[in-house]
Amino acid sequence: MNNEANTEALQDGATASKPAYSDFSSDPRCALNEQSGKWNYVGDDGVSYEYDETIGAWFPMFDESLVEAQQSAYAVEGVDISEPAVAPSKKKKVYTSNEQDDHPNKKQKRDVKPRSVKAIYVTGIPLDATVDEVKEVFSKCGVIMEDIATGEPRIKLYKDESGALKGDALITFFKEESVPLAINLLDDAEFRLGDASSKIHVQQAEFKERDPSAVTQNKKSTMEKMKARKKLHQLQRKLDWVDDEVGKKNEKFRKIIILKNMYTQQELDDDPALLLELKDDVREECERLGEVTNVIMYDKSPGGIISVRFKEPESAEACIKLMDKRYFAGKQISAEIYDGTTKYQKSGSNDAEDDEAEKARLEKYARWLESQEEDIEENNRERAERLATKS
């Protein structure tokens, strides 16, 4: 009953007679709100109304008493609308452990990550080696770290009390991935190629952890930190450039095919024209797979080597599938992607011995051409004599 009575009272107040627009200025119930510029009046039910000129109607102004009246009209018995629907609760962190914590207020230590090792220790380095020579050998494994202050490579050649080199060194790289690469490539390798006495041994450097209590903390100045960040940024750019160059080289090598066992040196000596004929045959065969940009015969290297450069790497891969293990002139040939490191020799290089050999080959080729011309002339004479006899 109470809810129905409140609803009816609210509706009666809403439908009671209201002042007409023409009577606003004369009706004592109306008042003009100077701040909003709108007319207000209080009805018999005690509710304040405001006139909306755009719509031409009175609308109740919501105050606390009106809200309470509406809440009481739609209230449900036994429900307190002043309380929130769900009481807020604070989430608590729960720490679980198999052991009892004797010091609950003690801050828990963070797990310390193991220190990344970016340095190698090398022994067996020749006693007359220089920092530049060491850098040249080990740069193939990655970018070598540089000293922030001097810009010099972080390569330490150990010396004895007299200042003479001991043959061991500490080399620091920019990336830790260079450490296992250097070990795999250069451990038990010759520091100077061809010199068996210059074998070196490479291992990961080991560092002893310092006692924090015995080390005075030397905080770097802002300028030193800026220099360090700049140097690291420069090294990163250098690394990106190296990676980019390596990627370009690998992409370039993927287009080059090395064909082996294509001929013998004896075959070239017996037939000087084979050099050109064989290159033409190889080009013609490979052009079935894609555009060929270059064919080179490395007649100064053993193994009957011919290289074929394609315009696209897909053509090179197709060439391997077609040519590898195939028989050519009675010999089984092999086809593989150029590894980018093997140096093959051909006629026409700057070496003096190669020049002499090339000169001898050209002279032999010239004599062969002369003999071919003599044979042609002899055949023409014989043919002319036969024709003269018949006539």
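This is a predicted model: local features need pLDDT of at least 70, side-chain atom pairs count only at pLDDT 80 or more; totals for chains, interfaces and linings use all residues.
**Entry: cavities**

I searched the whole structure for cavities of 30 Å³ or more and found 2. The largest cavity has a volume of about 50 Å³. I then listed its lining. Ile125, Pro126, Ala129, Leu157 and Tyr158 are among the lining residues, and so are Leu165, Lys166, Gly167, Asp168 and Ala169. By class I get 7 nonpolar, 1 polar and 2 charged residues for this lining.

Which strands supply at least two residues each of the lining? Strand 6 (155-159) and strand 7 (165-172) do. Strand 7 gives the most, with 5 residues.

I followed strand 7 into its sheet. The sheet is open, has 5 strands and pairs antiparallel, in the order 6-7-5-9-8. Strand 6 and strand 8 (189-190) each have a single partner strand, so they stand at the edges and one side of each lacks a neighbour in the sheet.

I looked at the pairing of strand 6 with strand 7. It is antiparallel, over 4 bridges. For Ile155, the bridge partner in strand 7 is Ile171.

**Entry: Thr172**

I also checked Thr172, which lies in strand 7. Is Thr172 buried or exposed? Its relative accessible area is 14%, so I put it down as buried, the cut-off being under 20%. Leaving out residues up to four places away in sequence, Thr172 touches Lys118, Ala119, Ile144, Met145 and Arg154.

**Entry: helices across the sheet**

Next I asked where the helices lie. Helix 3 (residues 131-138) lies across strand 5 (119-123), strand 6, strand 7 and strand 9 (199-204). Helix 3 runs at about 130 degrees to strand 6. Helix 4 (residues 178-186) lies across strand 5, strand 8 and strand 9. Its angle to strand 9 is about 155 degrees.

**Entry: strand 12**

I moved on to strand 12 (residues 305-310). Why do I call strand 12 largely enclosed by the rest of the structure? Because 5 of its 6 residues are buried.

I checked its pairings. Strand 10 (residues 256-260) pairs with strand 12 in the antiparallel sense, over 4 bridges. Leu259 has Ile306 in strand 12 as its bridge partner.

Last, I looked at the hairpin of strand 11 and strand 12. I find 6 residues between the strands. Gly303 takes a positive phi there, near 105 degrees.

Conventions: Residues are numbered from 1 along each chain as its sequence is written. Side-chain values use heavy atoms; hydrogens and water are left out. On a 1 Å grid over the protein atoms alone, a cavity is a set of points where a 1.4 Å probe fits but cannot get out, and a pocket is an open set with protein on both sides within 12 Å along at least five of seven lines; lining residues have an atom within 4 Å of a point. Grid points are joined across faces, edges and corners, and a volume is the space filled by probe spheres set on the points. Ala, Val, Leu, Ile, Met, Phe, Trp, Tyr, Cys and Pro count as nonpolar, Asp, Glu, Lys and Arg as charged, and the others, Gly among them, as polar. Buried means under 20% relative accessible area, exposed over 50%, partly exposed in between (1.4 Å probe, protein chains only). Contact means heavy atoms within 4.5 Å. Two strands pair if DSSP finds at least two bridges between them. Axes are lines fitted to C-alpha atoms, for helices over the stretch in contact, and angles run from 0 to 180 degrees between N-to-C directions.
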